[in-house]
Amino acid sequence: MLEIVGLHSRYGLAHILHGVSFAAAAGEVLVLLGRNGAGKSTTLKSIIGLVRPAAGRVRFDGVDVAGWEPHRIARAGLGYVPEDRRIFADLTVAENLLVGRQPARPGLAPWTEARLFALFPNLATLRDRPAGRMSGGEQQMLTIARTLMGNPRCILLDEPAEGLAPVIVAQMAQAILALKAEGVTVVLAEQNLHFAASVGDRAAVIETGRVIWSGPMAALQGDAALRAAHLHL
Amino acid sequence: MTALRASGLHKAFGGVQAVAGVSFAIGRGEMLAMIGPNGAGKTTCFDLVGGQLRPDAGRVMLDGQDITGQPPRALARRGVGRTFQITAVFASMTVRENVQVALQAHHRRFWRCWGAADAGFRDEAVALLAQVDMQTQADRAAGVLAYGDLKRLELAVALAAGPRLLLMDEPTAGMAPAERTALMALVRRLAHGRGLAVLFTEHDMDVVFGVADRILVLNRGHLIAEGDAAAIRADARVRAVYLGGP
Amino acid sequence: MDAILIQLLTGLAGASSLFLVAAGLTVIFGVTRVVNFAHGSLFMLGAYIAWSILVHLPRAPGWHAAGVLLAALATAGIGALLEIGLLRRLYRAPELLQLLATFGVLLVVQDLTLLLWGPNDLALPRPSWLRGSVAIAGARFPAYDLLLIGIGPLVLAALWLLFSRTRWGTLVRAATQDREMVAALGVDQSVLFTTVFALGAGLAGLGGALALPDGSANLQMDLTVITDAFVVVVVGGMGSLPGAYLAALLIALLQAFGVMLLPNATLVLMFVVMAAVLAVRPHGLLGRALAPARGEAQATALIRPASPALRGLGLAVLALAMAAPFLAGPFVLSVLTEALVAMLFAASLHAMMGPGGMASFGHAAWFGIGAYAAALAAKGLLMPMPVGLLLGPLLAGAAALAFGWFVVRLSGVYLAMLTLAFAQIVWAVAFQSDLTGGDNGVLGIWPDAWAQDPRVFYALALVLCAGGTLGLRRVLFSPFGYALRAARDAPARAEAIGLWPARLRLAAFALAGAAAGLAGAVGTYSKGSVFPTTISISRSVDALLMVLLGGVQTMSGPIVGALAYTGLYDVLIRATDLWRLCLGLIIIALVLAFPQGIAGAAARDRTA
């Protein structure tokens, strides 16, 4: 579904990708694991086109989309949920969803407001509330719902559980598993192994701009030395 | 001896309580870490202590004097130094000139309109750069430094004013693991050697548990735990909201 | 009582016209973050196009309305072409270059309008229904103005519906907050931007067409309107439509009642209100702090003292300049004097713009204050020349200090627009006041007897201007200059080491004003006269072009730029009547060729 090969990106002074490679198969949850500053966010931004890759391929459904404008990549069926949420604070919940709306895709049941409110019940009662006046957890749900309105076949989630209360984190995990059940491919950038393990099928560990290990989630959990060297737990 | 005491700090942004009643103290020569999930109020706490924000309620005392709500430039004069989460150096200057400007600011020379600036405090600047192991790069442009070197330059700039209290907001973010430990070990040497009080935030627990004398844990604007590394590791609430794991 | 009512209605009618222009400007700015200097030109085109259409149509109200709408649509089309052909390529360029490019468009449109419609004012023959009036409280009030009063709120309501009830409007509002995120959600920004620009241009065109029956289409409309619109947009809060209407009301009522109370001070009054509003609400009445538009950070280059080679070259040029009186005749000396004045003028702008980080679109204000101070000292107070040469920089510096007090907290576009507005007000004072001789200017200001010889005066100008330029340079390399640059490079860091960025910027602002004032004073004695054109927008843009040509990020840039630009300008003026067209096209070409800054700033990646 999504295959990243030798991705290089420059991003300000701090984060540079030195040839990131990994692949996500259709319908699976792939977790991109790494510390702060390892290059997770830059990888996702490079895939969606917000950072123009300096080199490398981003094959989505067999087409190389590297270097495309972000809106073309999004229309091709890649959804992106940013780390800092970037909801439209002045717009209501319903309007935020409207901005994300794209035509339905063959083979996928189109997302509607009603279906999204079923997935995130908290949002239903807030339909006409300006998004800026919601809690962090509600905003996180809205930003995912907004991206889903574009009916993506693959969704890139950048640390959706970060800074949320544990009970909301659990809901978030439920939502990710529900997406998987719908047949949506999920690429999840995460530094919390605990959360990653609760939803992930496979993991790719990223460190200073390179993927240094990838394999099944269970294998990572069994390898204490690997975890100690590259993740903090 | 207490260098800084913050008591009952409150700050709200548009109805959201970012910091709700946080109190803590730092002693001379102490390394105090502040940890917690994103959005816990760490940066807000920093800005309240560093003068970038004024608290809605509460006091900040430096060496027994009330400094609540004073602007950063006044705090700098009283001996509060700071490094930033997003590295900020003077990009149009060389590494040495960055430190020279800080020295000129510290000695209140910045209204002098005559005489070449790059001739003043040269030796002092090089000496400070040597402390952070940057003397060989003194004549490079600050704008093209590698990330770890930027962080060390920032430290030298902050040290130029001879601070009594140093605030470091995520000092090692974006650095390689080996570099992180080296930088914070250097800060620890300076703190213990000069009696410098250091308050820092950090996401890397190796660094926190490795160098901090004491650790504060913030969650949703509240202080939920305080103690040394062993106590924090064992604290059930901290594991639940931040450290994770069984 | 009746007079007040009539003035109130006049004010309301004026508010509608102002709102139409300002609404377009604010909508375009909100989404694209481009401050469209050519917005007044679109207004002017709307008026001219409406004239061309309406003179061929029957005079009935229905036909008139159709003609007006057609003119608005045509202007919208021109706006769309402008966006596709020019602005689209500049969204990632520094905002100053965007402003400059749209100023190039303004120059081009001026000459094209002159070519197409000729130099005469074009008034519309007014049919009876347009001349009608209504009796209100015993006075006659023009019916057409009543119509205008209604149109403002009507357009506001229509825009509100458009932005709140349609998907397009929702997308536009989302893009105003975060256009990158909108793109990541699959929305094609270029379509959105083109349509927004067309809408804004259409509103300007509508404003121009509606203003036609009350006046005429003329070549001065563009600059008059753009100044008013800038003030309204800044007072209302950039990007806010209700704010624009509120500010339009405020400014128009102020103008209407100001005419009654202080007929000669309406423009000054406008500035006082603007300053007061911004002192209380730095982002305007209903505006909010703008998130820094992404990817606009100015690349900073390392600045080093001159190398021995550059120093040698500078000394050689200086020696040549000192030898000039023995080599050249009076004409060449007068051209050289002009170049010296331009050099100091450019260097003074560079000092605040480069190391100070404050771009000004109204630097001619300080030059003009210095020029008029010298002229009035000589003609009004009959003072000897040294007094005039001292008063120029003193008054300009003092005025800059007072004005700077309000504006150094601002940055970027807000600062540029406020400096422009202030310069326009200084211009208006010079133009309206009897003291300054109005349009006729002040004539016959000649150097004292000892300096009448062109060679002596040239030597004096060389000492003052080259000395001033080198003095500025020295200040910029002093501890103060470094502190100033520190405050520009990283304001938070500068404060954390004990610097006070606002004060440093204020000092730089006043210093730049004083240096420009000195240039103005020398220029006055050199030319023997001073006119309001000394303070015109194009004079301010001259200075900007000189600095940008030479490179903002270099310390010798303004010197080179001033000499190159003075040469280019002289050649253009001598070669063609269409110098505006040529200059405009050159500006546009330069900005398109070097969208990252003419100084050749390093190419930047597309980052978030």
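Reply: Helix axes here are lines fitted to C-alpha atoms over the stretch in contact, and angles run from 0 to 180 degrees between N-to-C directions. The model is predicted.

The pair in question lies in chain C: helix α15 (residues 364-379) and helix α16 (residues 385-407). Their axes come within 8 Å and cross at roughly 140°. Angles over 145 degrees would count as roughly antiparallel, and 65 to 115 as roughly perpendicular; α15(C) and α16(C) are therefore oblique to each other. The crossing of the two helices is right-handed.

On the α15(C) side, the contact is made by C:Trp366, C:Ile369, C:Gly370, C:Ala373, C:Ala374 and C:Ala377. From α16(C) come C:Gly388, C:Leu391, C:Gly392, C:Leu395, C:Ala396, C:Ala399, C:Ala400 and C:Phe403. Sorted by class, the residues in the contact of α15(C) with α16(C) are eleven nonpolar and three polar, with no charged residues.

Chain C also meets two other chains. Its contact with chain B takes 32 residues from chain C and 36 residues from chain B. About 2900 Å² is buried between these two chains, 65% of it on carbon and sulfur atoms. C:Pro479, C:Arg493 and C:Ile497 supply 24% of the area that chain C buries against chain B, more than any other three residues. Two salt bridges are found across the interface of chain C and chain B. C:Arg493 forms a salt bridge with B:Glu154, with the closest N and O atoms 2.7 Å apart.

Against chain A, 24 residues of chain C are in contact with 30 residues of chain A. Chain A and chain C bury about 2400 Å² between them, 51% of it on carbon and sulfur atoms. In chain A, the residues that lose the most area to chain C are A:Leu50, A:Arg86 and A:Phe88, together 25% of what that side buries. Three salt bridges are found across the interface of chain A and chain C. A:Arg86 forms a salt bridge with C:Asp178, the closest N and O atoms being 2.7 Å apart.

Over all chains, a search of the whole structure finds 30 salt bridges. Within chain B, B:Glu30 forms a salt bridge with B:Arg214, the closest N and O atoms being 2.6 Å apart. This pair links distant parts of the chain, 184 residues apart. B:Glu30 is in the loop between β2 (16-27) and β3 (31-35) of chain B, while B:Arg214 is in strand β9 (residues 214-219) of chain B.

Notes
Residues are numbered from 1 along each chain as its sequence is written. Chains are lettered from A and ligands numbered from 1 in the order in which they are written. This is a predicted model: local features need pLDDT of at least 70, side-chain atom pairs count only at pLDDT 80 or more; totals for chains, interfaces and linings use all residues. Side-chain values use heavy atoms; hydrogens and water are left out. Helices (H or I, at least four residues) and strands (E, at least two) are DSSP runs, numbered from the N terminus. Angles under 35 degrees count as roughly parallel, over 145 as roughly antiparallel, 65 to 115 as roughly perpendicular and the rest as oblique. A crossing is left-handed if the near helix is turned anticlockwise from the far one by less than a right angle, and right-handed if clockwise. Contact means heavy atoms within 4.5 Å. Ala, Val, Leu, Ile, Met, Phe, Trp, Tyr, Cys and Pro count as nonpolar, Asp, Glu, Lys and Arg as charged, and the others, Gly among them, as polar. Buried area is the accessible area (1.4 Å probe) that two parts lose on being put together, summed over both. A salt bridge is a side-chain nitrogen of Lys or Arg within 4 Å of a carboxyl oxygen of Asp or Glu.
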